[in-house]
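I opened the model and kept short notes on what I looked up. The entries follow in the order I made them.

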Amino acid sequence: MSSQSPTPPSSPPSSTLSPRQLLLVGIIALIAAGGIAANGLISRARNTQDLVQWTNAQAVPTVTLATIARGNAQQTLILPGSLQSYSKATLYARVNGYLKSWTKDIGAPVKTGEVIASIDTPDLDQQLAQARATLASAKANYDVATVTAGRNTTLVKQQFVSQQIADQTTADADAKKSIMDANAAFVRQLEAMQAFKQITAPFDGIVTARNTDIGALINSGSTGQALFEVSDLHRVRIYVQVPQAFTADLKPGLKATFEMPQYPGQKFDATLVATSSAITESSRSMMVELQADNKDGKLFGGAYCRVDFQIPGNPNMVRLPATALMPVNRGVQVAMLGDGNKVVLKSIQLGRDFGDTVEVTAGISDQDRVIDSPLETLQNGDTVQLATTTPSSTATQAGSASPSK
């Protein structure tokens with residue numbers, strides 16, 4: 001039996017690239033790498049260019065224009081004011097004692113001479129009783145002296161007594177009369193003081209303060225505690241400090257309106273009645289007084305109000321927002337937007353200051369383009385860019401300005 005050796009398996013044929021194919025693959029890889037590198041360089045250059053453009057854009061300030069308004073024939077001046085009652089009296093006691101009773105509390109209306117409170121005055125009562133007794137004694141002494149002087153005058157004529165004695169008794173009677181008159185005056189004084197045991201209203205008004213109660217110790221005079229306060233509120237006085245620049249236009253008879261926080265949206269009429277004709281040095285302002293009717297009883301003393309004056313204006317002047325001003329060492333200037341969006345700094349002359357706006361008497365017209373809230377670093381010739389209005393805000397402004405149909 002013959003044995004046959006197994007045949008080994010055949011190996012697959014080797015696949016090798018020819019040199020030409022290897023060269024082609026290398027060229028393709030090189031081209032791909034070059035494309036990637038070129039794309040990166042182009043992207044970096046584009047980013048660099050965008051960054052430069054953004055940096056340049058940020059270096060140019062963006063500005064907005066201020067609203068310039070021409071002056072009107074009437075201008076509104078708004079200032080804070082203080083309301084005071086037309087008349088106000090603080091009531092003190094004229095006698096010492098204790099409060100016996102009171103009949104009117106705060107908010108109660110009173111009439112002239114109406115009793116508000118009563119004071120118990122035991123010391124004064126005793127002084128009056130003693131004074132009346134002293135007066136009675138003085139009157140008795142005077143009566144005796146008068147009778148004696150009359151008798152001696154008769155006896156002198158009959159030559160029973162000397163003239164000297166008659167003169168002495170007559171002089172004694174005159175002295176006794178003087179003593180009696182002094183005691184009578186003192187009694188009348190104490191009686192007058194007793195009238196002050198009643199605290200009465202000095203005028204028609206309202207009790208606006210009560211600072212005492214039954215049994216309280218009462219000391220006379222202004223050194224003691226104020227007992228009551230009565231205010232006349234049928235009219236009110238309004239006091240306003242007006243800046244010196246506006247005092248020339250405020251004359252008695254000028255009409256004004258005022259508002260109060262507790263009555264939102266409601267305006268009250270007032271009339272200027274007097275000016276102090278003196279400037280307060282600390283504030284450079286003048287005190288003026290207005291008056292207003294208070295028939296509805298809505299106005300109270302000590303209240304704050306906002307007064308709107310309608311003062312004469314000058315239509316030839318322009319008004320500029322205060323935010324557009326650039327203070328300098330000598331005066332004030334504004335930054336204007338010239339040709340090519342170049343900054344032009346120009347000095348101006350100011351008139352009256354209305355707080356949020358100022359009056360410009362010379363330097364600009366209502367046709368100039370003035371930059372609002374300019375940067376302090378702006379110089380002549382600087383380039384700026386004007387802020388653009390977004391379409392939404394433009395549409396909103398246009399919609400709000402259009403008349404309703």
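I looked up helix α2 (residues 122-157) first in this predicted model. Helix α2 has 36 residues and reaches 53 Å from its first C-alpha to its last, close to the 52 Å expected at 1.5 Å a residue.

I then asked which residues of α2 are buried. They are L124, L128, A131, A138, Y142, A145, A149, N152 and V156. I noted that α3 (163-195) is included in what covers them. Just after α2, I found Q159 with a positive phi of about 65°.

Next I turned to the nonpolar cores. I found that the largest has 27 residues, and that I238, V240, F258, L290, V307 and F309 have the most contacts inside it. Two or more residues each come from β3 (74-91), β10 (228-243), β11 (255-259), β12 (268-280), β13 (285-293) and β14 (304-312). β10 gives the largest share, five residues.

I checked F258 by itself. A second, separate core has 22 residues, including L91, V187, I199 and I218.

My last entry is on a sheet. It is open, has six strands in the order β2-β15-β19-β18-β17-β16, and its pairing is antiparallel. I noted that β2 (69-70) and β16 (326-328) stand at the edges with a single partner strand each, so one side of each has no neighbour in the sheet. Strands β15 (residues 318-321) and β19 (residues 357-362) pair in the antiparallel sense over four bridges. In this pair I found R319 opposite E359 in β19.

Notes: Residues numbered from 1 in each chain as written. Predicted model: local features only at pLDDT ≥ 70, side-chain atom pairs only at ≥ 80, totals over all residues. Heavy atoms only, no water. Core = buried A, V, L, I, M, F, W, Y, C linked by side-chain atoms within 4.5 Å. Buried < 20%, exposed > 50% of the residue type's maximum accessible area, 1.4 Å probe, protein only. Pairing = 2+ DSSP bridges. Expected span 1.5 Å × (residues − 1). Contact = heavy atoms within 4.5 Å.
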